[in-house]
Each structure stands twice: as structure tokens, then as C-alpha cells.
Amino acid sequence: MRAFLRKCWQILSTPSLHFSLGFLTLCGFVAGILFWGAFNTALEYSTTEKFCVSCHEMHDNVYQDLKTTIHWSNRSGVRATCGDCHVPHAWTPKIARKMQASKEVWGWLFGTIDTRQKFLDNRLELAEHEWARLKANDSLECRNCHNFASMDFTRQSPRAAAIHKAALSGPNHQTCIDCHKGIAHRLPDMTGIPQGFTPQVE
């Protein structure tokens, strides 16, 4: 066995005598394609709703919340999945979000939130992380489906139309999540948490 390992190491550590540079380049190219394909497949699969709700922390808590909201069932038939709201579509922000999610995987491995009570105890902190992320990226995931430019304010209630117009033109740079916390999941205890539109101070 030791001799075999020594021979393998010699092959790996010495210049090739048996294969052409073209052959090695071709092998590297094919290996690169296979790696890239596998990487992207894993990336896309880990963004699917099926993957997200495969752990009971998600399935038994936030997924059940989602099924009671307009993002699950509505007159248009358009339904948002986990990845639509929690994973950016663009490549660079998506990779950044995936790297950030490694902390969530760590929490899953060590049972940080493996009971309903632990989830409820941490619900506000978890929600605040998502609100802060959406605030920082100007509610990018909301805007993947909703577009101010396409909104027909005449078909909204007078209050909603007035707030949307003010949010568009106001200096406070409010974004979707400022007013629409809890649009896809139940809210935690909101004591002390700013909610809704903040009017412009003259």
C-alpha cells in the first residue's frame, strides 16, 4: 500500500511523461465544465422551496405562515417561493447570500432552533435580520416581482396610493419592507419596532 501511495505521489509531483499538454488541457477543461455544472445545479437546488422546507424548522414554522398569506394564494395565481424573497436573483448578491446562509446551516447542524419554542424565542431577532437585509438592498427581492413604474395608483385604495406616491418622492428613502413587514409570515411581538410609512418632516 505504501509503495502504491509513493508511486501515486511521484506521478502527481513530477511533470507528465505520458500525456500531451493538449490532453491535460482538455481534461482540465472538461473537469472545469463538470465542476461548474455541478456547482450551479447545487446552487439552484438549494434555492428551491423543496430544499428550504426539507428541514422541520422551516416546514413547521415559517412555511405554515406563508400558506396563509397572499403570497401563497391570490386571484392572479402567482405564488412566491422561499427563494423569491430570500435569495437575490443576480449572481454576486446570490453568492453573498449563500455564504451568509452558511451560518444558518451551522445553526441547523447544532440544533440552535430545533423546537417551536426556540423558534418563537428567536423570532424577532430572525425577522430583524431579514428586515435589515431587505432595507440595505432596497427590497431588491420585492422589486423582482413588483415594480413602482407598473403600479396603477388609481386601482389602489386612496390611502395606499397616497403612501406609495409619497414613498416614491420622499427624501426618507423608505422601501417596501418599511411598511410591509409580515407580508409573508406572521409578525413577532412588535413592541418598539417602527412600522409603516414615516411622513416627511417639513
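**Salt bridges up close**

Modeller: Let's start with Lys 135 and Asp 178, whose side chains meet in a salt bridge at 2.8 Å, N to O. Lys 135 sits in helix H7 (residues 116-136) and Asp 178 in helix H10, so this pair links distant parts of the chain, 43 residues apart. With a relative accessible area of 35%, Lys 135 is partly exposed, whereas Asp 178 is buried at 13%. Keep in mind that this is a predicted model.

Arg 186 and Asp 65 form another salt bridge, at 3.8 Å from N to O. Here Asp 65 belongs to helix H4 (residues 56-66) and Arg 186 to the segment after helix H10 (176-179), so the bridge ties together parts 121 residues apart in sequence. Asp 65 is buried, with 3% relative accessibility.

Then there's Arg 97 with Glu 104, where the closest N and O atoms are 3.2 Å apart. Arg 97 counts as buried at 10% relative accessibility, while Glu 104, at 44%, is partly exposed. Both belong to a salt-bridge network that also takes in Glu 130, Arg 133 and Glu 141. The count for the model comes to 11 salt bridges.

Now for the packing. Helix H2 (residues 21-45) and helix H6 (residues 91-109) have axes that come within 12 Å and cross at roughly 70°, which makes H2 roughly perpendicular to H6. From H2, the contact uses Trp 36, Phe 39, Asn 40, Leu 43 and Glu 44; H6 brings Trp 91, Lys 94, Ile 95 and Lys 98. These contact residues split into five nonpolar, one polar and three charged.

Methods:
Residues are numbered from 1 along each chain as its sequence is written. This is a predicted model: local features need pLDDT of at least 70, side-chain atom pairs count only at pLDDT 80 or more; totals for chains, interfaces and linings use all residues. Side-chain values use heavy atoms; hydrogens and water are left out. Axes are lines fitted to C-alpha atoms, for helices over the stretch in contact, and angles run from 0 to 180 degrees between N-to-C directions. Helices (H or I, at least four residues) and strands (E, at least two) are DSSP runs, numbered from the N terminus. Angles under 35 degrees count as roughly parallel, over 145 as roughly antiparallel, 65 to 115 as roughly perpendicular and the rest as oblique. Contact means heavy atoms within 4.5 Å. Ala, Val, Leu, Ile, Met, Phe, Trp, Tyr, Cys and Pro count as nonpolar, Asp, Glu, Lys and Arg as charged, and the others, Gly among them, as polar. A salt bridge is a side-chain nitrogen of Lys or Arg within 4 Å of a carboxyl oxygen of Asp or Glu. Buried means under 20% relative accessible area, exposed over 50%, partly exposed in between (1.4 Å probe, protein chains only).
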